[in-house]
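Dear colleague,

Please find below the structure that I am handing over to you, together with its sequence.

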Amino acid sequence: MSDLMEVNLTGSAFKIEKITPAQQYISKIETTTWSWSVTPTKVGEHDLQLVVTAIFTTDEGKKIRRLKTFDEVIKVKSLPLMEQVINFFEKEYKWLFATFLIPIFLWYRKRRKDSH
C-alpha cells in the first residue's frame with residue numbers, strides 16, 4: 001500500500017491558490033509540504049479551515065479508504081488598508097526615520113549651505 005495524503009485549505013473570505021498539489025505521496029525520508037497563496041477578500045475576522053485526509057491505496061494505486069486525520073479552523077484577522085499602514089509606521093518608525101528623514105535633512109542642509 002502507498003501513503004497518500006490530501007490537504008485542503010478553504011475559507012469564504014479568502015482567495016486561495018494552491019501552490020502545491022492537494023494530494024501528495026508521503027516520503028519516509030523527506031518532508032512533504034503543502035503551500036497556498038492566501039489573500040483576504042473581506043476585512044475583519046474570518047475562518048480558514050485546514051483539513052488533512054489520509055488516503056490508503058493498494059500497490060496498484062486503487063484508493064481503498066479515506067480517513068480524515070485533522071480538521072482545524074484557523075481564525076484570521078484582516079485589517080483595512082489604512083490600519084495596516086498605521087501599524088506599519090508604528091512598528092517601523094525607527095527604520096523609516098533612518099532611511100528617509102535623515103537623508104532628506106542632510107540634503108536640505110547641504111543645499112542651504114551651497115546657496116549661501
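Among the elements of the chain, strand E2 (residues 14-18) has the highest mean pLDDT, at 96, while helix H1 (residues 81-115) has the lowest, at 75. Please bear in mind that this is a predicted model. Over the chain, the mean pLDDT is 85, and 93% of the residues reach 70 or more.

The nonpolar core

The largest nonpolar core consists of 10 residues: Met-5, Val-7, Leu-9, Ala-13, Phe-14, Trp-34, Leu-48, Leu-50, Val-52 and Ala-54. Strands E1 (2-10) and E5 (44-57) each contribute at least two residues to this core. The greatest contribution comes from E5, which gives four residues. In soluble globular proteins, nonpolar side chains tend to be buried together. One member of the core, Ala-54, touches Leu-4, Met-5, Arg-65, Arg-66, Leu-67 and Thr-69, when residues up to four places away in sequence are not counted.

Val-38 lies in strand E4 (residues 36-40). Its relative accessibility is 34%, so Val-38 counts as partly exposed. Leaving aside neighbours within four places in sequence, Val-38 is in contact with Leu-9, Phe-14, Lys-15, Ile-16 and Leu-48. Of these contacts, Leu-9, Phe-14 and Leu-48 are listed in the core described above. The C-alpha atoms of Val-38 and Lys-18 are separated by 8.8 Å, and the two residues are 20 residues apart along the chain.

Glu-72 is found in strand E6 (residues 63-78). With a relative accessible area of 39%, Glu-72 is partly exposed. Apart from neighbours within four places in sequence, Glu-72 is in contact with Leu-48, Gln-49 and Leu-50. Between the C-alpha atoms of Glu-72 and Leu-48 the separation is 8.4 Å, although these residues are 24 residues apart along the chain.

Salt bridges

- Lys-28 and Asp-3 meet through their side chains in a salt bridge (3.4 Å, N to O). Lys-28 lies in the loop between strand E3 (23-25) and E4, whereas Asp-3 is in strand E1, so the pair ties together parts that are 25 residues apart in sequence. Lys-28 is exposed, with a relative accessible area of 77%, and Asp-3 is partly exposed, at 36%.
- Asp-47 and Lys-75 form a salt bridge through their side chains (3.1 Å, N to O). This pair links distant parts of the chain, with Asp-47 in strand E5 and Lys-75 in strand E6, 28 residues apart. Asp-47 counts as partly exposed at 37% relative accessibility, and Lys-75 counts as exposed at 55%.
- Lys-68 and Asp-71 also meet in a side-chain salt bridge (3.3 Å, N to O). Lys-68 counts as exposed, at 53% relative accessibility, while Asp-71 counts as partly exposed, at 36%.

A nonpolar surface patch

Leu-81, Met-82, Val-85, Ile-86, Phe-88 and Phe-89 make a nonpolar surface patch of about 600 Å². Phe-89 is found in helix H1, and its relative accessibility of 46% places Phe-89 among the partly exposed residues. When considering this residue, please recall that H1 has the lowest mean pLDDT among the elements of the chain.

With kind regards

Key
Residues numbered from 1 in each chain as written. Predicted model: local features only at pLDDT ≥ 70, side-chain atom pairs only at ≥ 80, totals over all residues. Heavy atoms only, no water. Core = buried A, V, L, I, M, F, W, Y, C linked by side-chain atoms within 4.5 Å. Buried < 20%, exposed > 50% of the residue type's maximum accessible area, 1.4 Å probe, protein only. Contact = heavy atoms within 4.5 Å. pLDDT = per-residue confidence, 0-100. Patch = residues over 30% accessible without salt bridge, like charges linked within 9 Å, V, L, I, M, F, W, Y side chains within 5 Å. Areas by Shrake-Rupley, 256 points an atom, 1.4 Å probe, with all protein chains shown as cover. Salt bridge = Lys/Arg side-chain N within 4 Å of Asp/Glu carboxyl O.
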